[in-house]
Amino acid sequence: MFETLKNAFKNKEIRTKIFIILGLLVIFRLGSWIPVPGIDVSAFSSQVSGQTFLELLSGVTGGALSNGAILALGVSPYITAEIVVQLLTMAIPSWEKLSQQGEEGRKKLQKYAKILTLILATAQAIGIVVSFSNNGALNSNLFFGIEWLTGTVVVITLVAGALFTMWLGEKITETGIANGLSLLIFVGILSTAGTAIFNSIAGAVTGNIDQLWQLLAFLVALIIIFSMIVLMDGAERKVPVQYAKQIRGRKLYGGQSTYIPIKVLGTGVLPIIFAMSLLSFPQIIMSIFWPNSAAATWYNQNLGAGSWAYSIVVGLLILFFAYFTAYMSFKPDDISRQIQSNGGFIPGIRPGKTTAEYLNRINKRIVFFGACFLAFLTIVPTLIFKAIGDTGLVSAFSATGMIIIVSVALEIDKQLQAQLLMKNYKGFLK
């Protein structure tokens, strides 16, 4: 990857894109530290630290929520809106047709997702203001002591911050080097993890031997898990395809062998993000509106993040969303028609419907194996980290965060290699 970055910086156009992305990320990190006018940062931070899920959400945003910053909501509303829109494309026939209309249909669905993002961001901002205002997290002195005016300013600022984060993600995606939302989450997680590692090292330096051994054990486990993720990310099933020889005019075409690569983790981290976002919705509502109620306490203990029931339900939802994502992205009928139209066939399998059924059967098995691996990484590392010791690293390096870090890093490497290959190819043609 370092060699790829070195070669990328040698190309002026790619180097410019990288600097644009770095500039947008700097803006994102600045927005994660600038406090919202009308918020008492210390009181706001203490409220977040008392709620397990809000701490997890703050970690994904790079501490923006704990800082009471203008980008405190992060990409959460937009991701939730994307999930809802994708689910509705299966339930609403007109939306399903839009998803099949190429770029124009995708733009219309994207518009619906943005409208839903505005609605969800407004609801979350109002919920935060209503909940935290009862605990002294709002400072009305900046607005002449008028509480409703303070709350209105905070809501507008948080909603504007969520929409601005969405815009940053889109601009990063337009560069063609990385997915904007994934990269923003990636930077937020790295920021939180870097702070946790620094604090742990500082504690070890001051003479805390137990914390030093916990840090070393944690880093060893982290390296092993990262290695597993990298290994599985490159795993794929190669389905052989043979193309028959064809005579066109006086030339002979075809007769070559190739294969269809079906990746084990072709769905990426989307099933994990979808599953955890869906399961965390009740916890968000309870943490905001009824933080100290009996129902919230029971939910946090039995179905909250870190509980056994939570791990089991997350695993089942990952399996469901893995199949759902695969269904949306992998089209065996289209692949079968394309192979047949080009005079190709899978050895031992009849062209047409039989080929589509064969590809669909293989894809289901691979998706199941990939989903089980994602569920394993979501559940087991968390238990291992807790057994090692309760350090700040445990909350900083969640299973989802680790997969996102590795997947985004590998995806950036692939995108840069593709861009370099394209530039070299154009240079060869010239």
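A cavity, as I use the word today, is a set of grid points where a 1.4 Å probe fits but cannot get out. With that settled, one caution: what you see above is a predicted model.

How many cavities of 30 Å³ or more does the structure hold? There are three. I will take the second largest cavity, which has a volume of about 40 Å³. Phe28, Val60, Thr61, Gly74, Val75, Leu184 and Ile185 line this cavity. Sorted by class, five of the lining residues are nonpolar and two are polar, and none is charged.

Now the open spaces. The largest pocket has a volume of about 1600 Å³. Its lining is made of 48 residues. If you want to find the centre of this pocket on the screen, look for Gln86, Asn179, Ser182, Thr267 and Leu270, the lining residues that lie nearest to it. Which helix gives the most to the lining? That is helix H17, residues 399-429, with eight residues. By class, the lining of the largest pocket has 23 nonpolar, 18 polar and seven charged residues.

Next, the sheet. Three strands form an open sheet in the order E4-E1-E5, and the pairing is antiparallel. Strand E4, residues 257-263, and strand E5, residues 344-345, are the edge strands, each pairing on one side only. Strand E1 covers residues 236-243, and E1 pairs with E5 over two bridges.

Last, a single residue, Thr355. You will find Thr355 in helix H15, which runs over residues 353-388. Is Thr355 buried or exposed? Thr355 counts as buried because its relative accessibility is 3%, and the cut-off for buried is under 20%. What surrounds this side chain? Leaving out residues up to four places away in sequence, Thr355 touches Ser336, Ile346, Ile349 and Arg350.

The open sheet runs E4-E1-E5, and Thr355 is a buried residue in helix H15. That is what I have for today.

Note on methods: Residues numbered from 1 in each chain as written. Predicted model: local features only at pLDDT ≥ 70, side-chain atom pairs only at ≥ 80, totals over all residues. Heavy atoms only, no water. 1 Å grid on protein atoms, 1.4 Å probe; cavity = no way out; pocket = protein on both sides within 12 Å on 5 of 7 lines; lining within 4 Å. Points joined across faces, edges and corners; volume = space filled by probe spheres on them. Nonpolar A, V, L, I, M, F, W, Y, C, P; charged D, E, K, R; others polar. Pairing = 2+ DSSP bridges. Helix = DSSP H or I, 4+ residues; strand = E, 2+ residues; numbered from the N terminus. Buried < 20%, exposed > 50% of the residue type's maximum accessible area, 1.4 Å probe, protein only. Contact = heavy atoms within 4.5 Å.
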